[in-house]
Amino acid sequence: MAKKNRNVGIIGIGQTEYSSHKEHQNQAEMVNEAVRYALEDANITLDDIDCVVHGNMELFEMVFQPDMWHSLGSGAYGKDQFRITTGGTTGASLVCAADNLVASGMYDVVMAIGMEKLQEGHTTGGITNMADPLWFRHLQTGALTATTATMMMEEFGEERAKKAAMKYRILMDKHACLNPRAHRRFGLEYDQADDLMNTSPQLVGELRLIHMCSQSDGACVMILASEKKAKKMCKTPVWIRDHITVHREETFNNFGIEMPEMTHHYAARKLFERNGIKDPVEYFDVFEMYDPSAWWGLDWAREFLLLKDDEHIKLLEDGEFDLDGKLPINPSGGVTASNPIGATAMLRPAEAAMQLRGDAGPQQIKKKVKHALASGFGGTLWSVLMMLEKDLDWQEVENG
Amino acid sequence: MEISYEDKKDCKVMTGKMALPNHYFAGRLGSKFIIALRDENKILGVKCEKCDKVFVPPREYCERCMSKLDECWVELSNEGVITNYTVVNYNDKHLPRRAPYILALIKVDGADTPFPHIVEGIDVEDVEVGMKVKAVFAEETTNTIRDLDHFEPV
């Protein structure tokens, strides 16, 4: 890992509300809403922005070159602009790219825009085109899979696994109910778990409708600035300490029955190693995770936090992922609550940064938040993992 | 290593057709524009007072100064001038007319921005920049910009 050329701070965050559809706005107008909130939040104007990075899912709204189209609302007129589209990880890739652009010295202030209007397109139609036309396109089921549910039931027993996945789902809903911008806020209670386990429609295997993420419309904008500018422009910049992106091939080649190291685990192991993080559960105060389903959310907590055996399930059962737990996961409600895909992976560092600033709103964690972790997910288990810090006081790791 | 480009025996090609059904939510401004065009045969724009510019089609915010424009409606003339044009000389299923036909940028009186539309009622050889044209509205509505069927010389 090359040392960063200069530090980069998050100085502005803007989000629309998330909902299943937004008839009152076209795409550029929706983007503009989030841009205005971010500029207001940073207390700057478009004149201060040097460069714009824009992203959403390819083909989802059937708009070619949406970055150009949305410039009516993005404020990119007359500025350098790049489009980034890396599937589900798009939002996180946008923040990584903006960080790289500022850290490199190319630009002092970069605005990253993630957006999606899923109601306008056909998500599974778009995703299905990711699969190889010869081997898989005629067989695959879009983003829906029950592999993790099956594996967890095998490992922990059907009853405990199903209960844990449902507890995770209800916990996410409880967090979402606090977040005024969240799309789905059902008001679920833990005593409904047994009912939901049996009555929620099955999608694939034990993946049920209630476990799965929403399809949302919305946009998120983050403004990043160099250390010097961030300190000058912003009272509470949040610092991007490090991030890692791990991709893998589109097909899963499992040799024999031995599972390869999961991308999430690989990302976490490498990132923590080079930053000297020995115990992520101890170190981090909040984790905003891209959790496309309750099964994945729970299983991935083990991978990202480098936990062993059933440690992740125990943490959940003991309430340690709750808002007042040891390591709160997704105070925002996460992806099962709100999923405007091109923005979803940006909501993770955005919400994590708001927790660090202490102004996340009703979902603010009560205890002190100093270190945050945020993840993005896309494609066939592509992984982005980012560390955010409240203070510029971390120790560089030698040869890290 | 030698690669033969001639031997294509048994090289399979998969033929596909991507289905990408979609909607487009026009938003409040876009909807009001189309409704005025459809029901009253009127062309509406919005004015940015700060930049002193009238935009058509309308937009919620001025993309230069970010002023909010959604209440700044102005009714424009159904007549205007051709600011540029081209002649479409090929035929395809997605095209709105049989070739050859004129596709022009028309700045209606009162607007600062031109928008594209079809010009008819004139030989493709006789069209020129600066020519005055007027809107001809469709007899049957499609709830689209094609409710304005075409422009023709005044």
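This is a predicted model: local features need pLDDT of at least 70, side-chain atom pairs count only at pLDDT 80 or more; totals for chains, interfaces and linings use all residues.
Let me begin with the overall form of chain A, which contains 15 helices and 11 strands. Its C-alpha trace spans about 55 × 45 × 45 Å along the principal axes, and its radius of gyration is 20 Å, which agrees with the value near 21 Å that a compact globule of 400 residues would have. Of those 400 residues, 54% count as buried. If we take the contacts in chain A between residues at least 6 apart in sequence, 81% of them join residues that are at least 24 apart.

Is Ala176(A) buried or exposed? Ala176(A) is buried, because 27 other C-beta atoms lie within 10 Å, and the cut-off for calling a residue buried is 20 or more. Once its neighbours within four places in sequence are left aside, Ala176(A) is in contact with Ala182(A), Arg184(A) and Arg185(A), and also with Gly333(A) and Ala337(A). Asp195(A), on the other hand, is 19 residues away from Ala176(A) along the chain, and the C-alpha atoms of the two are separated by 20 Å.

Turning now to the place where the chains meet, 26 residues of chain A are in contact with 20 residues of chain B. On the chain A side, the elements that give two or more residues are helix H1 (27-42), helix H3 (71-74) and helix H5 (123-128), and H3(A) provides the largest share, which is three residues. Sorted by class, this side of chain A has 13 polar, seven nonpolar and six charged residues.

Finally, I would like to look at chain B, in which three strands form an open, antiparallel sheet in the order S2-S1-S3. Strand S2 (53-55) and strand S3 (73-76) stand at the edges with a single partner strand each, and therefore one side of each is left without a neighbour in the sheet. Neighbouring strands here are turned by 40° against each other on average, ignoring direction. In chain B, strand S1, residues 43-48, is joined to S3(B) by four bridges, with the two running antiparallel, and the bridge partner of Ile43(B) in S3(B) is Leu76(B).

How values were computed. Residues are numbered from 1 along each chain as its sequence is written. Chains are lettered from A and ligands numbered from 1 in the order in which they are written. Two strands pair if DSSP finds at least two bridges between them. Axes are lines fitted to C-alpha atoms, for helices over the stretch in contact, and angles run from 0 to 180 degrees between N-to-C directions. Two residues are in contact if their C-beta atoms, placed from the backbone, lie within 7 Å. Ala, Val, Leu, Ile, Met, Phe, Trp, Tyr, Cys and Pro count as nonpolar, Asp, Glu, Lys and Arg as charged, and the others, Gly among them, as polar. A residue is buried if 20 or more other C-beta atoms lie within 10 Å of its own, exposed if 12 or fewer, and partly exposed in between; C-beta atoms are placed from the backbone. The radius of gyration is taken over C-alpha atoms; the globule rule is 2.2 Å times the number of residues to the power 0.38.
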